[in-house]
Amino acid sequence: MTTSPSTRAFPFRHGHRTAGGAPADTIAVSAEGLRCAYGSYEAVRGIDLSIRNGEFFALLGTNGAGKTTTMETLEGHRAATSGRVSVLGGDPHRDRASIRPRLGIMLQEAGFADDLTVEETCRLWLRLSAAPRSRSQAQTIATGLELLDLTAKATTRVKMLSGGQRRRLDLLLATANEPDLLFLDEPTTGLDPESRERTWDLVQGLNDAGTTVVLTTHYLEEAERYADRLAIMHDGRIAVEGTLPEVLGREPSVISFEVEASVDVLQLGGLGLSPDFTPTPHSTRVSVHSMDLQQDLWTVLSWADGNRIRLDRLSASEASLAAVFRRVSNGDAA
Amino acid sequence: MSTLAPIPAATPHSPSAASRVTSIALMELRIIFRNKTVLLGAVLMPIAMAVYFFYFGAEQMVSPASTAVMAGLTLMAVALLGVYLTATTTMATRREELFLKRLRSGESSDAVIWLGMLVPIVTLVAGQLAVIAVGFGMAGMDAPARPLVVLGAVLGFLALCATVGMFTSIYTPSAAAAQITTLPFFAVVFASFFWTAFDDGFETLSRLTPGGALQNLLMAGWGAIPLDVSTAGAAAALLAWIVVPYLVASRRFRWEKR
């Protein structure tokens, strides 16, 4: 089933604005020297972060990098061990009562009362939330269920839902109060492609209407596609941060090829390139890391042409987020 | 230059704390009545226990003291099973389901969530006790000489069972484990209740225990002992047994499974 254009935008909001009507150049989330420890283990080791109102920010990282601890600290679930955190102008842990009505939180793992139906769960949640009264609770529930394709499950007990359906219900609860700031901790893990599309339709609709979105995900293509800015965490620290072009701009592109073993590949060094060589019995595999792909590719091709050298398995690839991620995961920060 | 966005005034349509407690409590009641096992534990078992005590103890209720003892035993059995065990099990189950974490990701305060979980359990048992009291009265049990003291003791003991249940749930990893983790407190309450019957020179100390404080108040309520400083001490002890577990539990409470 495809989503019609009319339902692509988040249905509860009308018109573009930023969090609480705040100007887009104000800061929604900031952290300075944030540290979080579990006993003697320090999960977050001094991070600085700044997210503007209306921004879509992706926090990436390997398992155990400290993403969820950072998110839960920003959400106010746990106090920072040290450092300063500000969310919508307050301390998320201390000022929870005043901040929470403006937050939507989709935890990486949170459950339901299994014996309640989907509709009862939504109704309970709305009764606990300071949801705007632009629509009745029944309308809000009906629209949300329809948007996330859960209408047929309205009277089904939550324990009978599939993992993907539970995740969609999760999202519905996180967004039902029309939040100014939405935290999404791996929202699409375990979802089929259509459900992922629906999820992103809803989140993008909210973001377009001014909601600040902070996302963690293991799907790099989601961050590439939706995030205005991103950061990659490793070992409790932020290793890379910036817009996608900024992050990729610091990552070298790669030109690779193979030549016969008799070819003097050391000549490439004299052309201003910094190639890596991997000799095999009959050939040499060459990788050139390049910060100017077009120029360096031209240099390599001119060298090969001028010396009548055949380049086998020639490839030139732009820097990718996956490559940046791999490098960061190996502990080599940009 | 970017600036921090200020927190705006409170959202005008924010539900009150009482409204949130009611919503959570109604949800919990709905779940109790849907789950036959929980329903059996929370409703039928305590009543069965009360009938058992009454059947075997009715002929012994010949004096205010023996009536107070019988009332105390019934109250303990019903409250420990209906409130203490159910509160521990419910908290452990909701934690295991990660539903507590879910509730905490919303706008409700910690106290609202705890109250919402505990109020229906306490209310249910209070209703059962009212029915049992009427039944005991119809069977010829003497009414207490100081009903307000008895009422205070009953409500206090129910609150005690609720807060100690909340405390015990911290060390209870699952609903099944509650059968084990609640045993020590069951033993402490019953042992301390009977301890008060002995003139062993430790009467003052025995009144500080949960069972001892309860028994002392019930004795005073039925006129078996005078209402004096020792009764006030028992009331203070009962209050401490409510407040201290709550304070400890509120600081060390686990919102998610280990």
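At roughly how many degrees do the axes of helix H5 and helix H6 of chain B cross? The views below take this up, starting with a few notes on the model.

This is a predicted model, in which local features need pLDDT of at least 70 and side-chain atom pairs count only at pLDDT 80 or more, while totals for chains, interfaces and linings use all residues. Residues are numbered from 1 along each chain as written, chains are lettered from A in the order written, and side-chain values use heavy atoms, without hydrogens and water.

**View 1. Helices H5(B) and H6(B) cross at roughly 140 degrees.** H5 (residues 110–138) and H6 (residues 147–170) of chain B have axes that come within 10 Å. Axes are lines fitted to C-alpha atoms over the stretch in contact, with angles from 0 to 180 degrees between N-to-C directions; helices are DSSP runs (H or I) of at least four residues, numbered from the N terminus.

View 2. The contact residues divide into 10 nonpolar, no polar and no charged.

**View 3. The largest pocket has a volume of about 650 Å³.** A pocket is an open set of points on a 1 Å grid where a 1.4 Å probe fits, with protein on both sides within 12 Å along at least five of seven lines; lining residues have an atom within 4 Å of a point. Of the 21 lining residues, those closest to the centre are Tyr38(A), Glu72(A), Arg78(A), Trp255(B) and Glu256(B). H11(B) gives the largest share, 3 residues.

Note on methods. Helix = DSSP H or I, 4+ residues; strand = E, 2+ residues; numbered from the N terminus. Nonpolar A, V, L, I, M, F, W, Y, C, P; charged D, E, K, R; others polar. Points joined across faces, edges and corners; volume = space filled by probe spheres on them.
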